[in-house]
Amino acid sequence: MRRFIIRHQPPATVRNALLGGGGAMLAVAALGLTQDLAGLGLLFAPLGATCVLVFGMPASPLSQPANVVLGHALAGAFGVVASIIMPDNIWLAGAAVGLAIAAMAMFRITHPPAGATTLVSYASAQSAAFLAFPILSGAVALVLLASLYHRLTGTCYPLRAPERA
């Protein structure tokens, strides 16, 4: 029973917790402001979950730019294609999520919030344009905002590329 309640995540310092929350707050506000000023739909619920990773856990492999942008794009494509093939089919929705997860794993671009991207894309019966706005544009904007924010706060993001042997 203990293994179900033990917390494996290392403790956060107050500074890191506040920086993570503050970064997410500023990023979502920036996306919302951009949406209001430019009329671009950038607020997309799965990006809130992405904020948890890129601001709260910037050293995680799942938080890195390739995972964020390509994971959302690939997962969104599965959702849009499935919706075009057969909307309103719970089995196809499940298959789309499963295939998106398998594809992200195969391409080493796993990003957990992208599972929600597949479902939202499927359930809202979006067109391929939905991949550009808000999925790709929002993911790219979050990576850029996270990179700037972490540079200003002295946190390493994105991780440095490993040295070649």
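Mentor: Before we start, contact here means heavy atoms within 4.5 Å. The model is predicted, with local features needing pLDDT of at least 70 and side-chain atom pairs 80 or more, while totals for chains, interfaces and linings use all residues. Residues are numbered from 1 along each chain as its sequence is written, and side-chain values use heavy atoms, leaving out hydrogens and water.

Trainee: Which pattern does the protein follow along the sequence?

Mentor: Helices and strands are DSSP runs (H or I, at least four residues, for helices; E, at least two, for strands), numbered from the N terminus. There are 7 helices and 0 strands. Reading along the sequence therefore gives α-α-α-α-α-α-α.

Trainee: How are helix 4 and helix 7 oriented to each other?

Mentor: The axes of helix 4 (residues 65-85) and helix 7 come within 9 Å and cross at roughly 170°. Angles under 35 degrees count as roughly parallel, over 145 as roughly antiparallel, 65 to 115 as roughly perpendicular and the rest as oblique. So these two helices are roughly antiparallel.

Trainee: Which residues of helix 7 make that contact?

Mentor: On the helix 4 side, the partners are Pro 65, Val 68, Val 69, His 72, Ala 73, Gly 76, Ala 77 and Val 80. Helix 7 answers with Leu 131, Ile 135, Leu 136, Ala 139, Val 140 and Val 143.

Trainee: And how do helix 2 and helix 7 lie to each other?

Mentor: Helix 2 (residues 14-38) packs against helix 7 (residues 129-153) with the axes 10 Å apart. Their angle is about 140°. That pair is therefore oblique.

Trainee: Is Gln 126 buried, partly exposed or exposed?

Mentor: Gln 126 sits in the loop between helix 6 (113-123) and helix 7. Buried means under 20% relative accessible area, exposed over 50%, and partly exposed in between (1.4 Å probe, protein chains only). With a relative accessibility of 26%, Gln 126 is therefore partly exposed.

Trainee: How far apart are the C-alpha atoms of Gln 126 and Gly 79?

Mentor: Leaving aside residues up to four places away in sequence, Gln 126 touches Val 80, Ser 83 and Ser 121. Gly 79 is 47 residues from Gln 126 along the chain, and their C-alpha atoms are separated by 8.5 Å.

Key. Axes are lines fitted to C-alpha atoms, for helices over the stretch in contact, and angles run from 0 to 180 degrees between N-to-C directions.
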